[in-house]
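Me: I am new to this structure. Can you take me through its features one by one?
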Amino acid sequence: MRSPLFLATAVLQTVLGTAAFAQAPAAQPHNVVLFIADGLRFRMVDDRTAPTMASIAREGVSLRNSHALFPTFTTANASGMATGHMLGDTGDFSNTIYAGFQVPGAGNTLTPFLESDVVLGDVDEHFSGNYLDETTILKLARDKGYSTASIGKIGPALIFDPTERSGEQTVLVDDATGTPKGIPLSADVTARLQAVSLPVAAPTRGANGNPGNLSKPGTLSPNASQQDYFAAVATRVVLPMFKERNKPFVLVFWSRDPDGTQHNQGDSLNTLVPGINGPTSLAAIRNADDDLARLRSALNELGLLDTTDIIATSDHGFSTISKESQTSSTVKTKFTDALPGHLPLGFVALDLAHALGMPLIDPDDGYKTIADGEHTKNGNGLIGGGREKPTVVVAANGGSDLIYIPDGDKAIAKRVVETLLAQDYVSGLFVDSKLGKFPGTLSLDDIALEGSAITPHPAIAVNFRSFDTVCGEPVRCTVEVADTVLQQGQGMHGSFSRADTWNFMALQGPDFKSQFVDPAPASNADLGRTVAQLMHLEIPDKGELIGRVLSEAMPGGATPEVASRVVTSDPGPNGLMTVLDMQTVGATRYFDAAGFPGRTVGLSTAVMPGATTQ
Ligand SMILES: [Zn+2]
């Protein structure tokens with residue numbers, strides 16, 4: 001029944017609508033293209049390496065004080081961009097998490113790698129249909145009747161609209177498109193692909209996917225052919241279709257380059273120089289830039305450039321890998337796939353199992369027990385307690401790892417913290433405050449990892465040591481210890497160094513200022529809020545760890561007040577202190593770098609006078 005209240009509301013809306021129209025036409029939002037160059041460091045963009053991005057930063061807004069969210073991994077930062085929330089709310093704490101259940105699409109492991117459409121489906125199903133437990137900008141945009149698409153790297157592409165698995169509403173094209181593991185294409189998109197003679201299945205990475213091994217260098221090619229396909233789908237099918245529909249649209253384009261190439265590059269096997277600054281990595285940066293240039297010229301040819309805001313960003317920075325340690329129990333053991341004296345994959349799990357005197361079980365290899373001289377398949381491990389009730393779980397990720405203690409045992413937490421504080425590869429520990437306060441560590445709450453998330457909560461985030469090769473600019477030649485199958489000299493990210501938190505970020509379009517260098521801090525969570533504002537979307541927030549709209553980048557917007565501070569822990573054994581450099585704008589926090597003084601690039605190495613001690 002239509003109540004009198006309904007009628008009154010309808011009349012009121014009509015009156016308000018008319019009044020608003022009389023003052024100023026209710027503007028239809030402009031379109032948004034969100035372009036992510038995965039793993040692009042801010043300081044690597046110039047007219048020679050990435051001319052399109054350099055021109056967007058110069059002609060539009062350059063966000064020089066930009067921030068990836070820690071842990072500086074892809075799915076985590078995708079969740080921040082997609083929801084406008086920080087990771088304590090989204091629960092996407094890293095690329096590999098402890099899920100708390102055996103994930104069927106990931107071989108029944110407890111520690112799934114989230115860059116998979118099948119795994120994201122399983123995790124969503126387990127956590128009430130949406131593991132993020134926040135609404136994404138693409139879902140809100142399509143609910144308003146706008147056109148939406150997400151194209152590119154598998155995992156982050158789907159995270160922008162993870163619950164839309166039909167292909168009928170948001171267009172999703174990623175590595176798995178055209179395979180049984182992918183999200184289907186609608187009949188309309190399929191017909192349009194065929195009409196322009198494009199395949200309905202995405203090509204593989206080919207040679208770019210080759211990581212090499214201990215004695216064989218990895219790839220020497222950027223991810224050109226796969227991304228050519230994604231760019232062709234975007235420019236020849238999706239944008240023309242959006243133009244025909246004549247409605248506002250949001251297009252996300254996630255370029256795997258330079259990330260995938262910087263990880264796998266074969267320019268620097270077992271040496272730290274050139275590391276990720278060799279010719280293959282530079283070609284990958286250029287490949288991403290070329291894709292953005294293609295998107296921009298397609299917008300121009302379709303007459304959409306003047307009505308489209310372009311946000312060019314990256315999810316995180318990058319570093320070269322070191323596998324050196326003097327303290328790890330593993331460096332005295334011989335592994336067939338590690339140099340003598342170097343850290344093997346899974347060294348954190350091995351060190352903790354060794355220190356706790358408990359068996360190490362491999363969740364990714366049939367839950368077998370690991371023997372001497374072996375490591376787990378993906379570096380993850382269950383320590384003690386067995387498959388059903390592990391005492392400690394290590395989720396190996398790269399430049400930082402996550403440790404879970406499912407039953408919340410405080411005595412175990414203390415032993416784990418003590419073990420890690422004694423390792424030369426550690427630089428900063430962040431512990432769940434429910435487990436207690438440990439000298440030398442800060443809490444997960446200090447870095448916005450405690451919020452409303454519904455996925456299992458990590459007990460400890462372990463940041464690894466970083467240093468630089470003295471190239472004159474530390475963030476361009478940072479090296480980090482990484483828990484990875486890749487070799488010394490290849491590439492990784494995930495740490496709390498400024499090299500990994502300083503991502504490229506720039507804006508250009510009708511809703512942004514021109515030739516503006518923004519001094520205020522910005523994060524990937526802010527981009528989610530900013531897109532929501534541009535598209536007139538209201539995010540129904542559950543958690544409170546939210547980013548801010550970058551209004552200073554918009555015409556008439558004032559630069560906000562920024563405060564900086566240094567948070568330091570109580571000193572632990574040997575005087576080790578976890579130090580956190582941060583900035584705030586109102587209640588929004590930005591984390592520049594964290595770790596032990598002298599072991600993290602970009603950290604204020606001595607505690608500054610007047611620092612906040614807690
Ligand atoms: Zn990566």
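Reply: Gladly. Keep in mind that this is a predicted model. We begin with the lining of the largest pocket: by class, eleven residues are nonpolar, 15 polar and nine charged.

Me: What is the volume of the largest pocket?
Reply: The volume is about 1,000 Å³. The lining holds 35 residues, and T96, F113, E115, R205 and R256 are the closest to the centre. Two or more lining residues come from each of α5 (117-126) and α10.

Me: Which element gives the most to the lining of the largest pocket?
Reply: That is α10, with four residues.

Me: Why are D259 and H263 separated by about one helical turn?
Reply: Because they are four residues apart in helix α10 (residues 259-264).

Me: Are D259 and H263 buried or exposed?
Reply: Buried means under 20% relative accessible area. D259 is at 3%, so D259 counts as buried. H263 is at 12%, so H263 is buried too.

Me: Which residues lie nearest the centre of the second largest pocket?
Reply: They are L350, H354, A371, D372 and G373, out of 16 lining residues. This pocket holds about 310 Å³ of space. Helix α12 (residues 347-356) gives the most to its lining, with three residues.

Methods
Residues are numbered from 1 along each chain as its sequence is written. This is a predicted model: local features need pLDDT of at least 70, side-chain atom pairs count only at pLDDT 80 or more; totals for chains, interfaces and linings use all residues. Side-chain values use heavy atoms; hydrogens and water are left out. Buried means under 20% relative accessible area, exposed over 50%, partly exposed in between (1.4 Å probe, protein chains only). On a 1 Å grid over the protein atoms alone, a cavity is a set of points where a 1.4 Å probe fits but cannot get out, and a pocket is an open set with protein on both sides within 12 Å along at least five of seven lines; lining residues have an atom within 4 Å of a point. Grid points are joined across faces, edges and corners, and a volume is the space filled by probe spheres set on the points. Ala, Val, Leu, Ile, Met, Phe, Trp, Tyr, Cys and Pro count as nonpolar, Asp, Glu, Lys and Arg as charged, and the others, Gly among them, as polar.
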